[in-house]
Each structure stands twice: as structure tokens, then as C-alpha cells.
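These are my notebook entries on one structure, written down in the order in which I looked things up. The sequence and the model come before the entries.

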Amino acid sequence: MKLNKNGWGTLEMVLISLILLLALIVSIFFISKLYGSFANSNSNRIYNDLENKLADAGRKYVEDKNITVTTSYQISYDLLKENGYINSLKDKDDSECNGYVLVSRINNINYYNGFITCNNYVTKIN
């Protein structure tokens, strides 16, 4: 009985298996990088929300107290908390953050920027 060689051999099967294994390893690497970047963006969003919350409290404070800003004015988180404009600044680990609001007046418009300092995060100053 004579067999033809038109099918898959052991060598071809090993090569295809190695190629599939390499593709699987590469895809696992890129998927882990993708999910890692999602975790970092979620973390940054939490801190950006805290900065915005602090800036909004500073805006309410300046408007309620009728403060006139000529060039810049700084309001501490402690002052805002004592006067009831903000409850607390807690990060994702439920630890207390500290910070301040910098009010800048440019072209007769007040700009409010919140700057926070947490255990694992500090606002980048541009």
C-alpha cells in the first residue's frame, strides 16, 4: 500500500503551532497594555474631578464674598472646607487630599484652577 504526501506532517504541525503560540503571546501583551492604559485614564479622571470640584468651590467662594481679583488670588482647601464650600477631597483610596484654588484674572475674566496633592498624585503645573 502506497501513501501520498498531500496531508499535514509533523513538521508542518509544529511550525503552525509555534506561529499560533507567538501570535497569542503578542496579543496578550497588547491587551494587557490596553487595559493598563484604561486603568490609568480612570485614575486620572478621578483626580481631574477632584480638581474641578475644588475649582467650583473656589468660584462660589469668590462670588459669595464679592472678592475682586486684580491679577491672581489663592484660596486654600482648608478655608473652603471651614466655610462649608466643600465637604472633603478624598481620592480613590479614600485618603484625604489637600490643595488650593488659584484664581487668575486675564482680560477681565476670572479663571479658576484647582491644584491638589494626594498620596499618589500631585497636580501638574503647566
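Entry 1: I began with N66, which lies in the loop between α1 and β1; helices (H or I, at least four residues) and strands (E, at least two) are DSSP runs, numbered from the N terminus. The model is a predicted one, in which local features need pLDDT of at least 70 and side-chain atom pairs count only at pLDDT 80 or more, while totals for chains, interfaces and linings use all residues. Residues are numbered from 1 along each chain as its sequence is written, and side-chain values use heavy atoms, with hydrogens and water left out.

I noted that N66 has a positive phi of about 50° although it is not a glycine. Most residues other than glycine have a negative phi. N66 counts as exposed at 65% relative accessibility, where exposed means over 50% relative accessible area, buried under 20%, and partly exposed in between (1.4 Å probe, protein chains only).

**Entry 2: other positive phi values.** I then looked at D94, a residue of the loop between α2 and β2, and found a positive phi of about 65° there, although D94 is not a glycine either. D94 is exposed, with a relative accessible area of 54%. I also recorded N107, which takes a positive phi near 55° in the hairpin of β2 and β3, a hairpin with 2 residues between the strands.

**Entry 3: S95.** Is S95 buried or exposed? S95, in the loop between α2 and β2, counts as buried at 17% relative accessibility. Its side chain makes a polar contact with the side chain of N119 at 3.3 Å; a polar contact is a pair of N or O atoms within 3.5 Å, where within protein one must be able to donate a hydrogen and the other to accept it, and residues adjacent in sequence count only if both atoms are side-chain atoms. With neighbours within four places in sequence left aside, S95 is in contact (heavy atoms within 4.5 Å) with L89, K90 and N119.

**Entry 4: the sheet.** In what order do the strands of the open sheet stand? I read the order as β1-β2-β3, with 3 strands and antiparallel pairing, and two strands pair if DSSP finds at least two bridges between them. Strands of a sheet pair through backbone hydrogen bonds.

β1 (72-76) and β3 stand at the edges with a single partner strand each, so one side of each has no neighbour in the sheet. The twist averages 20° from one strand to the next, with axes as lines fitted to C-alpha atoms, for helices over the stretch in contact, and angles running from 0 to 180 degrees between N-to-C directions.

β1 and β2 pair over 5 bridges in the antiparallel sense; among the partners in β2, Y100 is that of S76 and S104 is that of S72. Between β2 and β3, also antiparallel, I noted 9 bridges, and V101 stands opposite G114 in β3.

**Entry 5: the core.** Which residues have the most contacts inside the largest nonpolar core? They are L54, L80, L89 and I116, in a core of 20 residues; a nonpolar core is a set of buried Ala, Val, Leu, Ile, Met, Phe, Trp, Tyr and Cys residues joined through side-chain atoms within 4.5 Å. At least two core residues come from each of α1 (10-65), α2 (77-82), β2 (98-106) and β3 (109-117), and α1 gives the largest share, 7 residues.

**Entry 6: aromatic pairs.** I listed 4 aromatic pairs in the structure; rings of Phe, Tyr and Trp (its six-membered ring) pair if their centres lie within 6.5 Å, and planes under 30 degrees apart count as stacked, over 60 as edge-to-face and the rest as tilted. One of them is F29 with F30, edge-to-face at 5.3 Å centre to centre and 70° between the planes. F29 is partly exposed at 46% relative accessible area, whereas F30 counts as exposed at 51%.

Y61 and Y85 form another edge-to-face pair, at 5.4 Å centre to centre and 85° between the planes. Y61 lies in helix α1 and Y85 in the loop between α2 and β2, so this pair ties together parts that are 24 residues apart in sequence. Y61 counts as buried at 9% relative accessibility.
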